[in-house]
Amino acid sequence: MKTPLEPLLRAWEWQAEAACRGMDSALFFPPSGERGHARRRREEAAGAVCGPCPVRLLCDDFAVGSGQRYGVWGGRTEADRRDEAA
């Protein structure tokens, strides 16, 4: 028996409440070659936005469930997600 597909919009509804909505995504995704102190600063700034976000856990669940390999999602970096999976 086939199950109906969930409408794509429903899968992303949580984003309407996200603290980062409308912000420049460059805060959450590393530019090519970013390393060291610059990377830590950007990730900390992104985490500060995510910390009080009402959908932080949904965002993190989405990132883990969909295999997001890059960026800060739900306050966690790609290294955080990779370390948890190991």
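Predicted model: local features only at pLDDT ≥ 70, side-chain atom pairs only at ≥ 80, totals over all residues.
Visitor: Hi! Which residues line the second largest pocket?

Guide: The lining of the second largest pocket is made of Ala63, Val64, Gly67, Gln68, Arg69, Arg76, Glu78, Arg81, Arg82, Glu84 and Ala85. A pocket here is found on a 1 Å grid over the protein atoms alone: it is an open set of points where a 1.4 Å probe fits, with protein on both sides within 12 Å along at least five of seven lines, and lining residues have an atom within 4 Å of a point.

Visitor: What volume does the second largest pocket have?

Guide: The second largest pocket has about 180 Å³. A volume is the space filled by probe spheres set on the points, which are joined across faces, edges and corners.

Visitor: And how does its lining divide by class?

Guide: The lining of the second largest pocket has three nonpolar, two polar and six charged residues. Ala, Val, Leu, Ile, Met, Phe, Trp, Tyr, Cys and Pro count as nonpolar, Asp, Glu, Lys and Arg as charged, and the others, Gly among them, as polar.

Visitor: Let's zoom in on Glu78. Where is it found?

Guide: Glu78 is in helix α4, which covers residues 78-85. It counts as buried because its relative accessibility is 9%; buried means under 20% relative accessible area, exposed over 50%, and partly exposed in between (1.4 Å probe, protein chains only).

Visitor: What is Glu78 in contact with?

Guide: Leaving aside neighbours within four places in sequence, Glu78 is in contact with Pro30, Arg39, Arg69, Tyr70 and Gly71. Contact means heavy atoms within 4.5 Å.

Visitor: Where does Arg76 lie?

Guide: Arg76 sits in the loop between α3 and α4. Arg76 is buried too, since its relative accessibility is 16%. Beyond neighbours within four places in sequence, Arg76 is in contact with Asp60, Val64, Gly71, Arg81 and Glu84.

Visitor: Which residues of α3 are buried?

Guide: In α3, the buried residues are Cys59, Asp60, Phe62 and Ala63. They lie on the same side of α3 because they cover an arc of only 160° around the axis, the arc being that of the directions from the helix axis to the C-beta atoms. The face turned away from that buried side carries the exposed residues Leu57 and Gly65.

Visitor: Why would residues a few places apart point the same way?

Guide: An α-helix has 3.6 residues a turn, so residues three or four places apart point the same way.

Visitor: New topic! How many disulfides are there?

Guide: The count is zero, with a disulfide taken as a pair of cysteine sulfur atoms within 2.5 Å. For Cys20, the closest cysteine sulfur is in Cys53, 6.2 Å away, so it is too far for a bond. Cys50 is in no disulfide either, and its nearest cysteine sulfur, that of Cys59, is 6.2 Å away.

Visitor: Is Cys50 buried or exposed?

Guide: Cys50 counts as buried, at 9% relative accessibility. Cys20 is partly exposed, with a relative accessible area of 31%.

Visitor: What about the largest pocket: which residues lie nearest its centre?

Guide: Of the 19 residues lining the largest pocket, Gln15, Cys20, Phe28, Cys59 and Trp73 lie nearest its centre. About 320 Å³ of space lies in this pocket, and its lining has 13 nonpolar, four polar and two charged residues.

Visitor: Which residues does Val49 touch?

Guide: Not counting residues up to four places away in sequence, Val49 touches Ala19, Cys20, Met23, Leu27 and Phe28. Val49 lies in helix α2 and is buried, with a relative accessible area of 17%.

Visitor: Last one: how many helices and strands does the protein chain have?

Guide: The protein chain has four helices and zero strands, and buried residues make up 27% of its 86 residues.

Definitions and conventions. Residues numbered from 1 in each chain as written. Heavy atoms only, no water. Helix = DSSP H or I, 4+ residues; strand = E, 2+ residues; numbered from the N terminus.
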